[in-house]
Amino acid sequence: MLGLACLVSLTLAAWVTATRHGNAVRPALATALQAWLLANHTGLAISGGSVGIVPLGLTVALGALLVRSGRQAARLSGGKDLFDCLAAAFAVALPYGVVAALLTKPAAWGQVRPQPLQALAGGFSLAVACALVGALRETGQRAVVVARVPNRVRRVLRAGLAATAVIVAFGAVVVGAGLAMHAGRAATVMSNLDGGVSASLLMAAVSLAYLPNVAIWGSAWSVGPGFAVGAKTSVTLGGVHLGAVPAVPLLAALPANGPSPALARLALIVPIAAGLLAGWLLARSRVPAPTTHGPWWERLRLLDAAFGLAAGAVAALLMGILAWLSAGPLGPGRMAQLGPSAWRVGIAVMLEVGLPAAATTWLLGWRQLRSPAAVEQTADAETVDTETVDTETVDTETVDTETVGAQPV
């Protein structure tokens with residue numbers, strides 16, 4: 001509950017130092033509770049629509065605190081094996097989810113009505129995942145769990161994670177460059193806030209909380225499908241079609257309406273480069289097994305290409321999940337659609353990362369098989385196989401001779 005306490009303290013500080021505020025403190029407390037519930041993926045129903053866009057920056061902060069809680073629960077319970085880790089994670093997650101559901105009552109204010117079942121499911125899911133990670137780290141069971149995963153699966157997961165990290169990092173760079181280019185516009189938005197320094201600080205905190213969301217939007221733009229800032233709007237590599245935009249400093253990084261410059265299409269190089277990186281990682285960790293025998297798919301090294309496609313599927317799944325988490329409604333009407341489409345982003349990443357990864361893995365594996373060391377190893381393996389066959393033949397003939405000689409006349 002430390003995260004909730006920090007949110008309440010920050011909101012109350014902004015309320016007290018505001019230039020103009022009412023005498024009732026209940027709205028300020030309700031706002032802090034609503035922000036905490038949003039970070040736990042709880043929808044807020046309002047008149048004619050809902051607010052469901054999750055502040056991922058705040059979610060990450062709450063997740064870090066829950067990891068620490070999981071470690072402490074495992075330490076206090078003396079956990080040693082995987083079952084103890086699961087017990088510690090549930091011991092943290094169950095009360096956390098119940099408290100989230102109960103807090104939907106005091107968080108309701110005006111037309112805002114949080115959803116109790118979503119609060120229970122979202123809070124429990126976040127807490128059990130993060131607390132389990134903390135418990136595994138505390139008991140040393142993380143290495144045991146990782147060791148149980150097959151080596152090929154670990155290679156594919158590592159390559160997919162690396163490709164996803166490259167795409168998300170580029171999205172963050174795009175957002176940073178956009179904010180730097182339109183810093184004056186962002187400063188104007190901050191100066192127009194009617195609330196003094198406290199309102200500016202609170203808006204800065206909100207912007208930090210939603211900064212990962214906007215970074216993922218930049219990643220969705222770089223892979224092609226882009227994102228929406230309202231119904232019937234789009235920000236893609238092909239062009240920008242926007243209407244009225246909410247007065248948020250982060251959205252000052254949005255480009256102007258019209259076709260995108262030709263250089264913007266070069267952003268497609270990033271997911272392709274991520275696929276090349278994934279293929280290189282797979283080829284580097286591959287154990288060479290040069291052979292001219294075996295099924296045709298082994299002779300043609302098609303498994304290498306399959307591993308590359310699997311790494312692309314991992315990156316597509318991760319980017320789809322991130323796109324889904326970063327998007328959501330921000331009210332009724334045209335603001336009911338914000339962020340990228342998860343399935344469109346997933347398909348684009350699968351094509352732009354999976355195909356280059358498959359080609360790179362296959363080509364590098366083909367080069368390894370035709371290197372002098374691999375050719376020598378293949379020749380040695382074939383020589384050993386031939387000698388083994390000859391030895392077995394000689395042994396068989398010897399046994400037959402002895403059998404014939406041992407027969408009675």
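Here is a short tour of this predicted model, stop by stop.

Before you click: residues are numbered from 1 along each chain as its sequence is written, and side-chain values use heavy atoms, leaving out hydrogens and water. Since the model is predicted, local features need pLDDT of at least 70 and side-chain atom pairs count only at pLDDT 80 or more, while totals for chains, interfaces and linings use all residues.

**Whole chain.** Show everything as a cartoon: there are 16 helices and 8 strands (DSSP runs, numbered from the N terminus: helices are H or I with at least four residues, strands are E with at least two). Of the 409 residues, 40% are buried (under 20% relative accessible area; exposed is over 50%, partly exposed in between, with a 1.4 Å probe and protein chains only).

**A helix pair.** Now select 151-181, helix α8, and 269-284, helix α12: their axes are 9 Å apart and the packing angle is about 155 degrees (axes are lines fitted to C-alpha atoms over the stretch in contact, and angles run from 0 to 180 degrees between N-to-C directions). That makes the two roughly antiparallel (angles over 145 degrees). Show side chains at the contact (heavy atoms within 4.5 Å): among them are Ala 159 and Phe 170 of α8 and Pro 271 and Leu 281 of α12.

**Two loop residues.** Pick His 41, in the loop between α2 and β1. Its phi is positive, about 65 degrees, although it is not a glycine. At 32% relative accessibility, His 41 is partly exposed.

Last, jump to Lys 232, between β4 and β5. Is Lys 232 buried or exposed? Lys 232 is exposed, at 83% relative accessibility.

Definitions and conventions:
Angles under 35 degrees count as roughly parallel, over 145 as roughly antiparallel, 65 to 115 as roughly perpendicular and the rest as oblique.
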